[in-house]
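The sequence and the model are shown first, and notes by topic follow.

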Amino acid sequence: MTESKLTKSLQVRVADAADAQKITFIINLSFYPAEGFFVEGDRIKLKEVVDSLNTGKFLLAEDEGTPIGCVYVEPRGERAYLGLLSVDPSRQQSGVGSRLMDAAEEYCSSLACRFMDIKMVNLREDLPGFYQRRGYVVTGTSPFPEHIETKVPCYFIDMSKPLGFTGEKSELRKSASDQ
Ligand SMILES: CC(C)(COP(=O)(O)OP(=O)(O)OC[C@H]1O[C@@H](n2cnc3c(N)ncnc32)[C@H](O)[C@@H]1OP(=O)(O)O)[C@@H](O)C(=O)NCCC(=O)NCCS
């Protein structure tokens, strides 16, 4: 798919509670091929998505109404956390992940967050370049959650990026029902 065709049909919106099942599906669909070699089973359960909807927001990418990607953002004062960036494997390498990253950064900038923080598993050789090319730099490491069983020991590489605060209410925030 060309970028222009994608741009026309792709919509990113702030998800609500009714989207929890779709979000769970798209995260597990996306993560299994990438992380199945070191994590057993699903990446996330429906309950975790429902709980996350109480602490942050999911941005959902849809192509003509079909969910194809999502990302979780959690504003925490002047910093924001971004996680669970997921794109349907059949739709990767066509700009959806980049579009979700841009939308997440714009959304958090409009809430006056000045930095975006992410965590990336050290075993993922494909990811550092993706984030570095989008302005993220390594800031340290942190432990992988103990409750997630892994086939090999691993840890998180922490990365951050400064966000430009626009003060503008973003289109995404305007479209969110509770903002
Ligand atoms: C990581 C992930 C979200 C990236 O999603 P994606 O939709 O493939 O991302 P994009 O298409 O925007 O970018 C991927 C590459 O394709 C390139 N690309 C974008 N549009 C393109 C197009 N139309 N044609 C060809 N290549 C294109 C991008 O330039 C990018 O390369 P770059 O990093 O050198 O710039 C996706 O691989 C994924 O879901 N992985 C599994 C879950 C995961 O690992 N999440 C991150 C956990 S920290």
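This is a predicted model: local features need pLDDT of at least 70, side-chain atom pairs count only at pLDDT 80 or more; totals for chains, interfaces and linings use all residues.

Leaving aside residues up to four places away in sequence, Ser142 is in contact with Lys119, Tyr155, Phe156 and Asp158.

*Ser142*
- Ser142 belongs to strand β6, which covers residues 137-143.
- Ser142 has 11 C-beta neighbours inside 10 Å and therefore counts as exposed, since the limit for an exposed residue is 12 or fewer.
- One of the contacts of Ser142 is Asp158; the C-alpha atoms of Ser142 and Asp158 are 6.9 Å apart, although 16 residues separate the two in sequence.

*Ligand surroundings*
- The ligand is surrounded by 18 residues, and the closest are Val87, Gln92, Gly95, Gly97 and Ser98.
- At least two residues of this shell come from each of α2 (20-35), β4 (79-87), α4 (96-110) and α5 (127-132).

*Helix α4*
- Helix α4 contains 15 residues and spans 21 Å from its first C-alpha to its last, close to the 21 Å expected at 1.5 Å a residue.
- Because 11 of its 15 residues are buried, α4 is largely enclosed by the rest of the structure.
- The buried residues of α4 include the charged residues Arg99 and Glu105, as well as Val96, Gly97, Leu100, Met101 and Tyr107.
- Gly97, one of the buried residues of α4, is also among the residues closest to the ligand.
- After α4 comes Ala112, which has a positive phi near 75°.

Note on methods
Residues are numbered from 1 along each chain as its sequence is written. A residue is near a molecule or strand if its C-beta atom, placed from the backbone, lies within 6 Å of it. Helices (H or I, at least four residues) and strands (E, at least two) are DSSP runs, numbered from the N terminus. The expected span of a helix is 1.5 Å times one less than its number of residues. A residue is buried if 20 or more other C-beta atoms lie within 10 Å of its own, exposed if 12 or fewer, and partly exposed in between; C-beta atoms are placed from the backbone. Two residues are in contact if their C-beta atoms, placed from the backbone, lie within 7 Å.
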